[in-house]
Amino acid sequence: MNSTGQRERLEQQLALIIEIDKLKAVLRRSRIKCDGGRLENSAEHSWQVALMALLLAEHADEPVDIAKVVKMLLIHDVVEIDAGDTFVYDLEAVKQQEEKELKAAKRLFGMLPKEQGEALLSLWLEFEAGESAEARFGKALDRMLPMLLNYHNDGQSWQEHGVSLEQALTVNRKIEKGSAILWQKVTELLSESAENGWLKR
């Protein structure tokens, strides 16, 4: 590759790096544990769930390429720059989520050099499909982290939105597809949350 081509690639890559800075402004429903006064943003969530994958890799039900899982988790919410964060208990918003996020993924990864953008789009689509071992484990962690934050913030988001134990079990059930032991822990914490009055019976 000549120096002009290399510079063009670099400019495209830097453009996306600056674009994804917008993810820091996308607010989620959970409040951060260290400061219950503010909502976490999607960039913080992506970083924390990626680190979670490194720490909990041994609990995946199947052998996984943990580097691939981490890559999936670092890019999975980039689409929220355009599509926004969808509250998992808002069933109407969830129906429109897939189309909005796919459009966003094509735009954002399309900013990169062709083969790099296609590779990341393919990885994002694999995560969304949730069929590979890596995607199942990644999705399990992606669901578990908000639940943990809610639990450690006395059910803040659940209480604000009137979420029931049955809803929480239904929404979080995909955790079971990636890790039986993590699902067991989640059911224990959700049951305790209902006993504490943080989830409706």
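Which residues are linked with Asp82 in a network of salt bridges? Glu19, Lys22 and Arg107 are linked with Asp82 in this network. A salt bridge is here a side-chain nitrogen of Lys or Arg within 4 Å of a carboxyl oxygen of Asp or Glu.

The structure is a predicted model, in which local features need pLDDT of at least 70 and side-chain atom pairs count only at pLDDT 80 or more, while totals for chains, interfaces and linings use all residues. Residues are numbered from 1 along each chain as its sequence is written, and side-chain values use heavy atoms, with hydrogens and water left out.

**Salt bridges**

By this rule, the count comes to 13 salt bridges. The table gives examples.

| Arginine 136 | Glutamate 62 | 2.5 Å |

Helices are DSSP runs of H or I with at least four residues, numbered from the N terminus. Arginine 136 lies in helix H7, whereas glutamate 62 is in the loop between H2 and H3; the pair therefore ties together parts that are 74 residues apart in sequence.

Exposure is described by relative accessible area: buried means under 20%, exposed over 50%, and partly exposed in between (1.4 Å probe, protein chains only). Arginine 136 counts as partly exposed because its relative accessibility is 21%. Glutamate 62 is also partly exposed, at 35%. Aspartate 82 has a relative accessible area of 40% and is therefore partly exposed.

Helix H7 (residues 133–152) has 20 residues and reaches 29 Å from its first C-alpha to its last. This is close to the expected 28 Å, the expected span being 1.5 Å times one less than the number of residues. H7 is mostly covered, with 17 of its 20 residues buried. Aspartate 154, which follows H7, has a positive phi near 55°.

A nonpolar core is a set of buried Ala, Val, Leu, Ile, Met, Phe, Trp, Tyr and Cys residues joined through side-chain atoms within 4.5 Å. The largest such core has 40 residues, of which Leu73, Leu141, Leu190 and Leu199 touch the most other members. Among the elements giving two or more residues to this core are H2, helix H3 (66–75) and helix H11 (180–195). H7 gives the most to this core, with nine residues. Apart from this core lies another, of seven residues, including Leu16, Leu23, Ile81 and Leu108.

Serine 46 lies in helix H2 (residues 42–56). Serine 46 is buried because its relative accessible area is 4%. Apart from neighbours within four places in sequence, serine 46 is in contact (heavy atoms within 4.5 Å) with Leu23, Leu73, Leu74, His76 and Asp77.

At the surface, Leu10, Leu14, Ile17 and Ile18 form a nonpolar patch with about 380 Å² of accessible area together. Accessible areas come from the Shrake-Rupley method with a 1.4 Å probe, and for residues only the protein chains shown count as cover. Patches are made of residues with over 30% relative accessible area and no salt bridge; like charges are joined within 9 Å, and nonpolar side chains (Val, Leu, Ile, Met, Phe, Trp, Tyr) within 5 Å. Leucine 10 is found in helix H1 (residues 3–19), and leucine 10 is partly exposed, with a relative accessible area of 42%.
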